[in-house]
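This report covers the nonpolar cores, the aromatic pairs and the ligand site of one protein model. The sequence and structure come first.

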Amino acid sequence: MIAIYPGSFDPITLGHLDIIERGSQLFSQVIVAVLRNPNKTPLFTVQQRLEQIRQSTTHLDNVEIDAFEGLTVEYATRSKAKVLLRGLRAISDFEVELQMAHTNKTLSTEIETVFLATSNEYSFLSSSVVKEIARFGGSINHLVPPHVALDTYKCFTHNQTVSNPIRTDTTEVNPLNSSPSNREM
Ligand code: PNS
């Protein structure tokens with residue numbers, strides 16, 4: 001059974017990746033579908049987001065990456081998918097997600113929404129949180145894959161590579177240690 005994992009992914013976080021990895025164990029194929037949303041001004045272009053997701057999921061054989069516009073259920077029907085996969089972090093997500101699932105059900109009775117509870121360690125995590133932390137010079141190395149952290153820091157001109165204060169296994173960007181001249185003013 002094919003599942004669509006639709007979203008903005010601006011940028012992809014470790015929370016999204018957790019849902020993709022777990023979804024890929026449950027479905028024969030998971031299509032991570034980035035919405036081209038003319039109503040939003042994203043930090044990253046659709047092309048950049050597709051590349052970020054592609055690089056994050058190279059270890060998953062049954063995961064595909066795509067972009068779409070318009071209604072998710074129509075894209076799902078075109079893709080022969082029966083399931084929309086969504087992550088649930090907290091009660092606050094539930095209201096919005098339930099409304100979306102009900103709306104989608106009115107648009108297509110063929111497609112089911114399946115929710116996965118986000119793993120505990122990512123229950124607070126969102127793309128917005130990542131962007132806010134990076135904007136004010138905090139470390140996001142524990143929240144997104146390393147290449148996404150680099151891309152995000154570049155957007156906010158925190159582009160010095162120094163050691164990560166949280167993880168000791170890799171050398172990544174930590175804007176907290178960057179010189180004032182490299183920080184966003
Ligand atoms: O990552 P996001 O921004 O929470 O994802 C929201 C998304 C893209 C899944 C949702 O906005 C969506 O499906 N948009 C496409 C338009 C659509 O199908 N609307 C009807 C359902 S509300």
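The sections below go from the basis of the values to the cores, the rings and the ligand.

## Basis

The model is predicted: local features need pLDDT of at least 70, side-chain atom pairs count only at pLDDT 80 or more, and totals for chains, interfaces and linings use all residues. Residues are numbered from 1 along each chain as its sequence is written, and side-chain values use heavy atoms, with hydrogens and water left out.

## Nonpolar cores

A nonpolar core is a set of buried Ala, Val, Leu, Ile, Met, Phe, Trp, Tyr and Cys residues joined through side-chain atoms within 4.5 Å. Buried means under 20% relative accessible area, exposed over 50%, and partly exposed in between, with a 1.4 Å probe and protein chains only. The largest core has 32 residues, and Tyr5, Ile20, Val32, Ile140 and Val144 have the most contacts inside it. Among the elements that each supply at least two of its residues are strand 1 (2-7), strand 2 (29-35), helix 2 (46-56) and helix 6 (146-155). Helix 1 gives the most, with four residues. Helices (H or I, at least four residues) and strands (E, at least two) are DSSP runs, numbered from the N terminus.

Leaving aside neighbours within four places in sequence, Val32 is in contact (heavy atoms within 4.5 Å) with Tyr5, Phe9, Ile20, Ile53, Val63, Glu64, Ile65 and Asp66. A second, separate core has eleven residues, including Ile31, Tyr75, Ala76 and Ala81.

## Aromatic pairs

Rings of Phe, Tyr and Trp (its six-membered ring) pair if their centres lie within 6.5 Å; planes under 30 degrees apart count as stacked, over 60 as edge-to-face and the rest as tilted. By this rule there are two aromatic pairs. Tyr5 and Phe9 have ring centres 5.2 Å apart and planes at 70 degrees, so this pair is edge-to-face. Both Tyr5 and Phe9 are buried.

Phe68 and Tyr75 have ring centres 4.9 Å apart and planes at 25 degrees, so they are stacked. Phe68 is buried at 3% relative accessibility, and Tyr75 is buried with a relative accessible area of 5%.

## Ligand site

Ligand oxygen atoms lie 2.6 Å from a side-chain N or O atom of Ser8, 3.4 Å from one of Lys40 and 2.5 Å from one of Thr72.

Taken alone, the ligand exposes 540 Å², and the protein buries 70% of that. Accessible areas come from the Shrake-Rupley method with a 1.4 Å probe; for residues, only the protein chains shown count as cover.

Definitions and conventions. A polar contact is a pair of N or O atoms within 3.5 Å; within protein, one must be able to donate a hydrogen and the other to accept it, and residues adjacent in sequence count only if both atoms are side-chain atoms.
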